[in-house]
Amino acid sequence: EQGGQWEGALLLLAEMASASVETNAITYTSAVSACAKGAVWLAAVGLLLEMACARVEADTIAYNAAVSACANGGSWAAAVGLLSLMASARMHLDASTYNAAVSSLAVDGEWIRALGFLGEMVSVRLELGTITYNAAVSACAKGCESGKALRLLV
């Protein structure tokens with residue numbers, strides 16, 4: 001089961017540290033991705049902090065994985081917070097970043113924020129794909145805004 005691999009990934013990172021094996025962005029990002037698959041958002045965010053302490057630069061891929069972990073773990077606030085951190089650090093926010101954030105908002109029907117991110121995507125000329133529209137429609141539907149969801153489809 002892929003979702004259970006996050007524990008092994010964290011254990012491997014700890015073993016690398018105790019054996020004085022150098023970690024890098026790839027090893028950390030792999031662990032963050034495992035946390036995303038396991039929907040363990042606190043561990044994913046913790047790994048981003050650990051990367052900073054270890055002076056390993058977290059790139060867009062690492063942050064996207066952490067945003068996905070937040071989405072999969074049901075914490076839209078953490079996902080939006082990471083997106084905000086990325087923007088303030090002038091990191092590149094791509095469609096995957098926004099899709100994960102919009103998906104996290106869909107879980108709780110946070111349709112206003114979800115549509116706000118769609119607007120941001122348009123303003124920075126990112127393509128709104130099927131994943132984006134599905135998540136936004138879901139956010140509107142769960143927020144009891146079926147009219148807005150229908151307008152996204154036409």
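**Close-up views of a predicted helical chain**

**Figure 1. Asn99 and the residues that it touches in the predicted model.** Once the neighbours within four places in sequence are set aside, Asn99 is in contact with Met121, Ile131 and Thr132. Asn99 itself is found in helix H6, and with a relative accessibility of 13% this residue counts as buried, since buried here means under 20% relative accessible area. The coordinates shown in this and the following views belong to a predicted model.

**Figure 2. The whole chain, given as the setting for the close-up views.** The chain has 9 helices and 0 strands, so that from the N terminus on its elements run α-α-α-α-α-α-α-α-α. The radius of gyration is 16 Å, close to the 15 Å that the globule rule gives for 154 residues, and the chain is therefore as compact as a globular protein of that length. Taken along the principal axes, the box filled by the C-alpha atoms is roughly 55 × 35 × 20 Å. Of the 154 residues in the chain, 40% are buried, and among the contacts with a separation of 6 or more, 60% are accounted for by residues 24 or more positions apart.

**Figure 3. Tyr98 and Phe117, an aromatic pair between two helices.** The structure holds 1 aromatic pair, and this pair, formed by Tyr98 and Phe117, is edge-to-face, with 5.9 Å centre to centre and 65° between the planes. Because Tyr98 lies in helix H6 and Phe117 in helix H7 (residues 111-123), the pair ties together parts that are 19 residues apart in sequence. Both Tyr98 and Phe117 are buried.

Figure 4. Met86 has its place in helix H5 and is buried, with a relative accessible area of 0%. Leaving aside the neighbours within four places in sequence, the residues in contact with Met86 are Thr60, Tyr63, Asn64, Met91, His92, Leu93 and Thr97.

**Figure 5. Ser20, a loop residue with a positive phi.** Ser20 lies in the loop between helix H1 (5-18) and helix H2 (25-37). Although Ser20 is not a glycine, its phi is positive, at about 60°. The relative accessible area of Ser20 is 69%, and the residue is exposed, a term that applies over 50%.

**Figure 6. Arg90, in the loop that leads from helix H5 to helix H6.** The place of Arg90 is in the loop between helix H5 (76-88) and helix H6 (95-107). Phi of Arg90 is near 55°, a positive value in a residue other than glycine. With a relative accessible area of 77%, Arg90 is exposed.

**Figure 7. The surface of the chain and its charged side chains.** The chain exposes about 8,300 Å², of which carbon and sulfur atoms supply 57%. There are 8 positive and 13 negative side chains in the chain, and the centres of these two sets lie 12 Å apart.

Key. Residues numbered from 1 in each chain as written. Predicted model: local features only at pLDDT ≥ 70, side-chain atom pairs only at ≥ 80, totals over all residues. Heavy atoms only, no water. Helix = DSSP H or I, 4+ residues; strand = E, 2+ residues; numbered from the N terminus. Rg over C-alpha atoms; globule rule 2.2 N^0.38 Å. Buried < 20%, exposed > 50% of the residue type's maximum accessible area, 1.4 Å probe, protein only. Contact = heavy atoms within 4.5 Å. Areas by Shrake-Rupley, 256 points an atom, 1.4 Å probe, with all protein chains shown as cover. Lys, Arg positive; Asp, Glu negative; His and termini not counted. Charge placed at Lys NZ, Arg CZ, Asp CG, Glu CD. Phe/Tyr/Trp six-rings, centres within 6.5 Å; stacked < 30°, edge-to-face > 60°.
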